[in-house]
There are 2 protein chains.
Amino acid sequence: MTMINAYDTASAGALDPDDKTLIDRRARALGPAYRLFYEKPLHIVRGEGVWLWDKSGKKYLDAYNNVASVGHCHPRVVQAISGQLGVLNTHTRYLHEDVVAYAERLLATMPDALGHVMFTCTGSEANDIALRVARSYTKRQGVIVTRLAYHGLTEAVAEMSPSLGAFAPRGARIRLIDAPDTLRVPPQDQAAKLAADLGKAIAEMRADGIEPAAFIVDTIFSSDGLQPDPAGFLKPAVDLIRAEGGIFIADEVQPGFARTGDAFWGFQRHGLVPDMVTMGKPMGNGFPVSGVAMRPELVKDFGEKARYFNTFGGNPVAAAAGMAVLDVIEDEALQANASRTGAFIKEGLHDIATRRSAIGDVRGAGLFLAVECVTDHETNTPDAGRAGFIVNHLRENGVLISATGPGANILKIRPPLVLQRPEAQLFLDAVETAFAAADLRLAPSR
Amino acid sequence: MTMINAYDTASAGALDPDDKTLIDRRARALGPAYRLFYEKPLHIVRGEGVWLWDKSGKKYLDAYNNVASVGHCHPRVVQAISGQLGVLNTHTRYLHEDVVAYAERLLATMPDALGHVMFTCTGSEANDIALRVARSYTKRQGVIVTRLAYHGLTEAVAEMSPSLGAFAPRGARIRLIDAPDTLRVPPQDQAAKLAADLGKAIAEMRADGIEPAAFIVDTIFSSDGLQPDPAGFLKPAVDLIRAEGGIFIADEVQPGFARTGDAFWGFQRHGLVPDMVTMGKPMGNGFPVSGVAMRPELVKDFGEKARYFNTFGGNPVAAAAGMAVLDVIEDEALQANASRTGAFIKEGLHDIATRRSAIGDVRGAGLFLAVECVTDHETNTPDAGRAGFIVNHLRENGVLISATGPGANILKIRPPLVLQRPEAQLFLDAVETAFAAADLRLAPSR
């Protein structure tokens, strides 16, 4: 959720007058909470596959947007949604085949222990209902998250989303621990450190009279700067929260649905079975659908006693959208493509890194990659200025990415899963050019 | 949110074996939180206008569903969504004309004081963000709601939704007051009683060290049994919460978008200007879109400091859906139709009431109507059994409604706004028949 705000290169040129008018109207109507990417915002009017076009007809390679995961405006998804919209769009209090078939199909992608799935409309709602179920089941309130976690925007999940900053105050029931850090903690220590930190947080929480209900993480730690390695490091912490009577919630809103290539879900890379799995963003390729899968035992009491009903959640159109996305992932072998094309990009980035001391680390899984910009290889000090320059140089050059992490220095590369090798090569060439330009324009990295 | 669970008449017949299988699969996949309307659930497969069809081809007049407000599968809405889906579906961090134009158009339906609108995906999210903004602006925590209010399902709004029952415990920051009661409180006393009850709740809250941030009501009190009259009764309570330093939030998720006929928004019937207005359900005719409008001053600090971003909220497809709904309401003059056809139905129900002592009250605004079933006119004791019988008799007869209210005895009539006079007459005939059948089958009302 860390944002690029003001990194435009001098070459960006003046704002189109019509865009200026639209930006003013936008600020008036939507108010100050709405931000735009880039100092000179992008006015995008069309999308197809991995491509976006702005109003002037300029074409951008989208290496950032994970919502349109099977490609912008994928015709099969468009057709599935449009078709169902014309036939029926009610809700889950009438019997309908599709929501059941979709639920079964989703559950088939998961370990058998996760026996039920409930549908919501956004990742925030999925995490919020997961929390409600977790607290109701454990009869406890405490939650442990990582230091720069993002789990959504409702009051209950905003208070456990420290990446939102101090204005969304951390709740009294929440404790923070360090995320793993590939660059600054030796790989062999990540698992033990995470579990030790979790143990300490639980002890501190208990000292305050709060019992731990859940440990929840984005299994690829996106807002913490992308921390995929070494796969498996999550296991001891998950074992610990269970030993302490809490449950483990895998937030798959970002890594889920085949993005990591080697697995359909991020948690599978860690060789574990969560108690609950929340999912969202790419689930309907832009249609608002999300959900939470869980061990049936967790929701038994809640399900029988709480009067739960989500008006739009799991309606026939949402089910059609979700099913079409699963169809496309399968029929176009997008998990294999994420693995193959992701590996090609990672290799290319590693190759660029051999020529650029500003690159402190290259990491990722599948088509979710990160490049850490640092001032030097000795101190690995985050270089947000350089990351911003790269993001904006790429944009001027027709390639969209972003920057994230505690130091806003980590390039976040997260293209639609349909990205193929020729576009991946275009992307690598643009990155090489951007780093070369940065060395000319900024103080060279040491 | 009160549900009909088990009121089937004996004539309902056996469950279709395929439906039985589907219900079992559904329970396995979705778990115990998912309920179905009716003991013998409806398996709906198609919708058009005010009509729904079940799997066997049986046709139902839909006098219940307010989400498909401009009619099931309205071709203009379907086309608007489908068209935009094929062109672009990104998010609000790129500039896009449609979300701005839609925001302006929505705000034009409201008093000038409401200057900004923010977009979310569900009514729950709209109420949740409204609360976050209200609490951030007032720097207070307390909220007052009515005794059987429903404002949504996130943790923060579930704790102020007492209609969810004891399993969603009322938060420590929440106080409940009686809703107005057309049948049991003299009309001339409603306004004063509501304000007096609010004043008492504020005093009690303060005695517990909690300051009132907001008073929030569904302006037609749907889950409290539908309380529209006498229009204007809200004003003194709204004046009071402001005098006490809190704000007034109008939850327009149910009454909004022309349903009440005499006004586009429910609060307009009460001659007041809310500080915030939340909206949802009919906003996209089934597409998940919702929002909150507010006085700009309320969101200034929050907007500048909180990092707020709703991934799907206000995306180009949501804007297209919302705009199409406004177009249809305007071009098909649905507010005038709600007023005219609603008045025709109300008159017809009053006429039936002259022949049926089981009807204690008929009330409503536009196409949101209620019939209160009572054991007798002296005690006005709620008769849930009769209401259930009527709901199920109507269903067998091809008409869909529901029952609600503290006593589950209030028939809830809330058809799509495209309902015309011939269907309204069909509806009235079916209601007359159902009440006659009830007198034959149940102990007659006194």
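1. The model is predicted, so local features need pLDDT of at least 70 and side-chain atom pairs count only at pLDDT 80 or more, while totals for chains, interfaces and linings use all residues. Residues are numbered from 1 along each chain as its sequence is written, chains are lettered from A and ligands numbered from 1 in the order in which they are written, and side-chain values use heavy atoms, leaving out hydrogens and water.

2. Chain A is divided into domain 1 (14–70 + 333–441) and domain 2 (75–331), with bounds that come from an automatic or database domain assignment. The C-alpha centres of domain 1 and domain 2 of chain A lie 26 Å apart.

3. Between them, domain 1 and domain 2 of chain A bury about 2,500 Å², 58% of it on carbon and sulfur atoms; buried area is the accessible area (1.4 Å probe) that two parts lose on being put together, summed over both. In domain 1 of chain A, V70(A), Q335(A) and F368(A) lose the most area to domain 2, together 25% of what that side buries.

4. The count between the two domains of chain A is 1 salt bridge, a term for a side-chain nitrogen of Lys or Arg within 4 Å of a carboxyl oxygen of Asp or Glu.

5. An open sheet of 7 strands in chain A runs in the order β4-β10-β9-β8-β7-β5-β6, with mixed pairing; strands are DSSP runs (E, at least two residues) numbered from the N terminus, and two of them pair if DSSP finds at least two bridges between them. The edge strands of chain A are β4 (116–120) and β6 (174–177), each pairing on one side only.

Definitions and conventions. Helix = DSSP H or I, 4+ residues; strand = E, 2+ residues; numbered from the N terminus.
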